[in-house]
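Dear colleague,

Please find the structure below, handed over for your use. My notes on what was found in it follow directly after.

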Amino acid sequence: MFTLPKLPYDYAALEPTLSADTLHTHHDKHHKTYVEKTNELSQKAGLDGRPLEEVVREASRKGEKPLFNNAAQAWNHAFFWHCMTPKSAEPSGALKAAIERAFGSVDAFKDAFVEEGFSHFGSGWVWLVTGSEGLKVVSTHDADDTLVKDGLFPLLVCDLWEHAYYLDYKNDRKSFLKAWLDKVANFAFAEKQLAAADGQAEGFRYPSPGANDDGDRREPPGEGEQRPRA
Ligand code: FE2
């Protein structure tokens with residue numbers, strides 16, 4: 001059974017960018033439901049006990065849409081919580097260098113990320129990913145995620161579903177995205193993911209089935225996956 005990972009910070013820690021009310025609803029209701037449905041459906045599919053990353057890929061491969069949607073949303077949200085921090089700081093080190101190579105500047109990257117997220121139609125996710133051609137910004141629809149995109153390794157993601165921002169920003173997704181990047185984005189986490197893509201660190205993994213709900217407060221176990229730069 002998968003557990004709902006605790007937030008890696010207090011519910012009010014991201015205020016005023018994101019309210020405690022938003023995080024309670026988003027984590028305690030939306031994410032919790034995805035985890036519960038994943039447990040129910042993965043058992044029916046004979047996939048219980050497998051790591052969530054495998055469940056997502058197997059569900060995608062077999063075309064089991066309800067399981068894929070819930071398992072991918074369970075994974076995406078767990079990853080998303082780590083993409084935010086109350087101690088946000090601008091990109092630095094290897095991440096900053098990679099961003100400047102790909103986009104020209106950090107500001108140009110932010111503009112591309114905001115534009116991709118703002119122009120994305122409907123629900124989904126906007127990602128900073130790395131691959132064989134370096135860093136790029138992509139968006140995915142609904143529950144779709146980079147676990148099932150060959151050659152893409154996720155560095156950072158922002159939730160574009162209205163439940164992520166509507167209580168605080170109403171329909172103003174662009175203001176949410178700008179504030180998110182400037183005030184709470186966790187570029188230190190993204191830099192660690194970049195090192196994992198190069199095989200120099202462990203990438204994010206969802207807590208193993210049966211792990212306690214503090215599971216993802218520890219260093220993620222196991223090898224990073226989808227390394228595009230073999
Ligand atoms: Fe969400």
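H77 is buried, with a relative accessible area of 0%; buried means under 20% relative accessible area, exposed over 50%, and partly exposed in between, using a 1.4 Å probe and protein chains only. H77 belongs to helix α3, residues 65-82. Helices (H or I, at least four residues) and strands (E, at least two) are DSSP runs, numbered from the N terminus. The model is predicted: local features need pLDDT of at least 70, side-chain atom pairs count only at pLDDT 80 or more, and totals for chains, interfaces and linings use all residues. Residues are numbered from 1 along each chain as its sequence is written, and side-chain values use heavy atoms, with hydrogens and water left out.

Leaving aside neighbours within four places in sequence, H77 is in contact (heavy atoms within 4.5 Å) with H26, H31, Y34, W125, D159 and H163. From H77 to K32 the C-alpha distance is 9.8 Å, and the two are 45 residues apart in sequence.

The iron site

Which protein atoms are the donors of the iron ion? They are NE2 of H26, NE2 of H77, OD of D159 and NE2 of H163, at 1.9 to 2.1 Å from the iron ion. Donors are N, O and S atoms within 2.8 Å of the metal (3.2 Å for Na, K and Ca); water is not among the atoms, so sites may look incomplete. Along the sequence, the donor residues follow the spacing H-x50-H-x81-D-x3-H. The site is tetrahedral, with angles of 90 to 130 degrees among the 4 donor atoms; four donors count as tetrahedral if all angles lie between 85 and 135 degrees. For four tetrahedral donors, the ideal angle at a metal is 109.5 degrees. Both D159 and H163 are buried.

The pair of helices α5 and α7

Helix α5 covers residues 106-119 and helix α7 covers residues 173-184; their axes come within 9 Å and cross at roughly 145 degrees. Axes are lines fitted to C-alpha atoms, for helices over the stretch in contact, and angles run from 0 to 180 degrees between N-to-C directions. The crossing of α5 past α7 is right-handed; a crossing is left-handed if the near helix is turned anticlockwise from the far one by less than a right angle, and right-handed if clockwise. On the α5 side the contact is made by F109, K110, F113, V114, E115, G117 and F118, and on the α7 side by R173, K174, L177, K178, W180, L181 and D182. These residues comprise 7 nonpolar, 1 polar and 6 charged. Here Ala, Val, Leu, Ile, Met, Phe, Trp, Tyr, Cys and Pro count as nonpolar, Asp, Glu, Lys and Arg as charged, and the others, Gly among them, as polar.

H120 lies in the loop between α5 and β1 (124-131). With a relative accessibility of 6%, H120 counts as buried. Not counting residues up to four places away in sequence, H120 touches S139, T140, H141, L160 and R173.

V157 is placed in strand β3 and, at 0% relative accessibility, is buried. Apart from neighbours within four places in sequence, V157 is in contact with N76, F79, F80, C83, W125, V126, W127 and W180.

Helix α8 spans residues 187-197 and contains L194; E191 is placed in helix α8 as well. L194 is buried at a relative accessible area of 5%, whereas E191 is partly exposed at 26%. Neighbours within four places in sequence aside, E191 is in contact with S92, G93, A94 and L95.

Backbone points

Where is the cis peptide bond placed? The bond from E15 to P16 is cis, with omega near 5 degrees, and P16 is in the segment before α1 (20-44).

D142 is not a glycine, yet has a positive phi of about 55 degrees. D142 sits in the loop between β2 (134-141) and β3 (153-159) and is partly exposed, with a relative accessible area of 41%. K170, also not a glycine, has a positive phi of about 50 degrees. K170 sits in the loop between α6 (166-169) and α7 and counts as partly exposed at 49% relative accessibility.

With kind regards

Terms used:
Tetrahedral: all angles 85-135°; square planar, octahedral: opposite > 155°, others 65-115°.
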